[in-house]
Amino acid sequence: MESGSASPSSPEPIVIDEEPEKPPSILAPRKGVDLVLEANDDWKIQEIGFDGVEKYLKPETFTDQVGKLARRVEWMKLVGSSTPYENAKIDQTEELDDEGVPSRKGEKGGTNVELVTPEAGPWSSVAKYLHESLSQLNVLLDDLSVMKNTDYMKALTVLDPITIAEPTPEHIQTMRGTQWIWKRRALQEAVQVLDIAQKQRQQALRNLGLSVDYIAHLQRTKFFEELKEMREIWRVRKTGDYVYGDLSYHIFGWKYDTPNLFDISRRSLSNKFETSDLSIIEVSVPKDLARRSMLVVKIVKDDIESGDLFRDPKSNDYAYSYKEVDAEKVKALHWKDSLKWAQNTLLLRDTFNTLCKDAIKLRNRLSIIRDNVLLIRLFDDYLLRFELQWFPFEAGQIHEEGDIYLNRVLREMIIGFECTKFVRPQFFCSMPITHLPESLDLRGCGGFDARQIADRAVTPRSILDRMLDMAAHRALVNMMTEVAELMCGSSVDPTIQYKWLHCGRNYSKMMFQVVSKDYDLYLSGMPSFSSHRMHHTFFASVSSDGITIETKDGMLIKCDRDSARVLYACQYCVCIYQVSMFAMVCRNQWITPFQTLYSNVYALDDKGNPAPNILLCNQAATRSILFKFHVGRDPEILVRRFVVNEKTAKPEEHPWKKLSYRKLYGATFCKKVDALLSFLRDC
């Protein structure tokens, strides 16, 4: 019997007892095949550059897939090659012309073909034209995208002439004139359009006018725009229907103090407010701040030539009072100017009061306060003068008086003081656990007790203390500059030059360079000195306490604040240079062979003033020459016969003869020395 057709009488199959299925164990190993699921739309690699950068092809979208499949369909087979676009019925017996189009022989025996309206409707021809136009636009967009992404392809403008032959000058001039005519016509048309619009707008404003609601809307919009701009700079608050602002300049501390508030209101303008320069916002500042101010800092000398140090009560230059302010004129000003001037007045007034309080607390300086003028002793007979000047609350330029540098430094210090947070934030720090007293704790190599810590702590200084130091340094810098200019102008040989190496607020350093004119030329042919240039340098350090001259050897000459001592010290350094240069010239064995017996830059003259000197002797030991370099004067030259034994020789037999330095031959110091040594070499 075939399988699947067993009768009921057929014997039943033998069933073999199998073990029951056990539940799958969690720890049992899994059976099956490991599958890895990955995306099938990975970007294909287009190319790999020489630098290892891979360029990928963007995966095709659903629209691209549909377009690719649509291009595979052979539409001509489905529709037919002879079917027209209009879906007309064509007689099969009709003759076709050479191009495959049925010939229409209307009146000459031909049959007229009746067109059938397509199923798309009567607008199929319009759709055809739109489709063709869209195709042309797509082609144009493709061309533009290709030209945009290609560097060597550029599109020409419409007005650029495209000519194959080289244009002639007459043609170029003609084309330029044509272009100018086109541009002029375009500008004239634009001007006409704008003029018509402006005339219509003015006519509407003059005759027809604007509605009250529209004007209120414009004013309200402009008011909120300017109020938003004001809030970016100033503190503005609204309480109920009252809008006000704060003129205070403190970053930390109390805000919206009553004396420093200004009112904000909306100005009612006419219909022509759009062309007006007035602001829609008007502010009313406090009357005591309705004046322009300037804090002038100046260094004056307490003598007769300085004039009146205080303000003349009878002068009308600063006789301005805030009680004379017209509130309507203040409201007529722009809020940007009025608020800036009022806050500046508040800042300078508080600063002047602070300076006066600090001046009273000083114990070692004398100060006088009168008529908005503060005079405080700087050093010697110099005074530092602070004056708070007031000007009318109106637009205009204010001439800045006093020392501009000190004015700006004071302004910067005030702003820096307001931006500094002196209260340190609290934080936890680790400390050693010990039971020793404070006098024995932390007494290692770097440990300090409470007194030493207090001595080394940086204590805050007031603005007046720092201003006094800066003003003293400023005065000494001006003094040092005057001395340097005097030395450079008065000294012809050697030539003196100076420059500032460091310029700070409390410390500056100047370098002087002394060069002789003919020294390089005189030693240019010597092999031992060809690479040596005799440049002598010394330095001047200017601090708040005084001026210090530092020689090339490292010797410090403290001149304090005396300009005469500074000039004397600089001239002494020039004398040292002349001694050194003279010693180098005497060592020339080719022209003036002289032997240096001794040289002393610390020598003194009969009056105890510094006078560096040098003593020479010629090779024949017949003449002795003594040069004495006095500070601020010409060198003193003494000549006598050489003394072999000074103990047995009598002074009257070998007296010193003085020579005139100005009568020596030569215009410079080197030439005079060379002429003198050449004359006394063999005599």
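This is a predicted model: local features need pLDDT of at least 70, side-chain atom pairs count only at pLDDT 80 or more; totals for chains, interfaces and linings use all residues.
**Entry 1**

Residues are numbered from 1 along each chain as its sequence is written, and side-chain values use heavy atoms, with hydrogens and water left out.

I looked up the numbers next. Helix α12 covers residues 563–586 and helix α13 covers residues 669–679. They pack at about 45°, and their axes are 11 Å apart. Axes are lines fitted to C-alpha atoms, for helices over the stretch in contact, and angles run from 0 to 180 degrees between N-to-C directions. Helices (H or I, at least four residues) and strands (E, at least two) are DSSP runs, numbered from the N terminus.

I then checked the hand of the crossing of α12 and α13: right-handed.

**Entry 2: who touches whom**

Which residues of α12 meet α13? I found Gln 578, Met 581, Phe 582, Val 585 and Cys 586 on the α12 side. Their counterparts in α13 are Phe 669, Cys 670, Val 673 and Leu 677. Contact means heavy atoms within 4.5 Å. I sorted the residues of this contact into 8 nonpolar, 1 polar and no charged.

I moved to the strands. β4 (residues 242–246) and β5 (residues 261–266) pair antiparallel over 4 bridges. Two strands pair if DSSP finds at least two bridges between them. Tyr 244 stands opposite Asp 263 in β5. β5 also pairs antiparallel with β6 (residues 281–284), over 4 bridges. There, Ser 265 stands opposite Glu 282 in β6.

**Entry 3: an open sheet**

I traced an open sheet of 4 strands in the order β7-β10-β9-β8, with antiparallel pairing. β7 (292–301) and β8 (367–370) are at the edges with a single partner strand each, so one side of each has no neighbour in the sheet. The twist averages 20° from one strand to the next.

Inside, 6 bridges join β9 (residues 373–379) to β10 (residues 382–391). Leu 375 has Arg 385 in β10 as its bridge partner.

Helix α7 (residues 335–361) packs on the sheet and touches β7, β8, β9 and β10. Its direction makes about 35° with that of β7.

Technical notes. A crossing is left-handed if the near helix is turned anticlockwise from the far one by less than a right angle, and right-handed if clockwise. Ala, Val, Leu, Ile, Met, Phe, Trp, Tyr, Cys and Pro count as nonpolar, Asp, Glu, Lys and Arg as charged, and the others, Gly among them, as polar.
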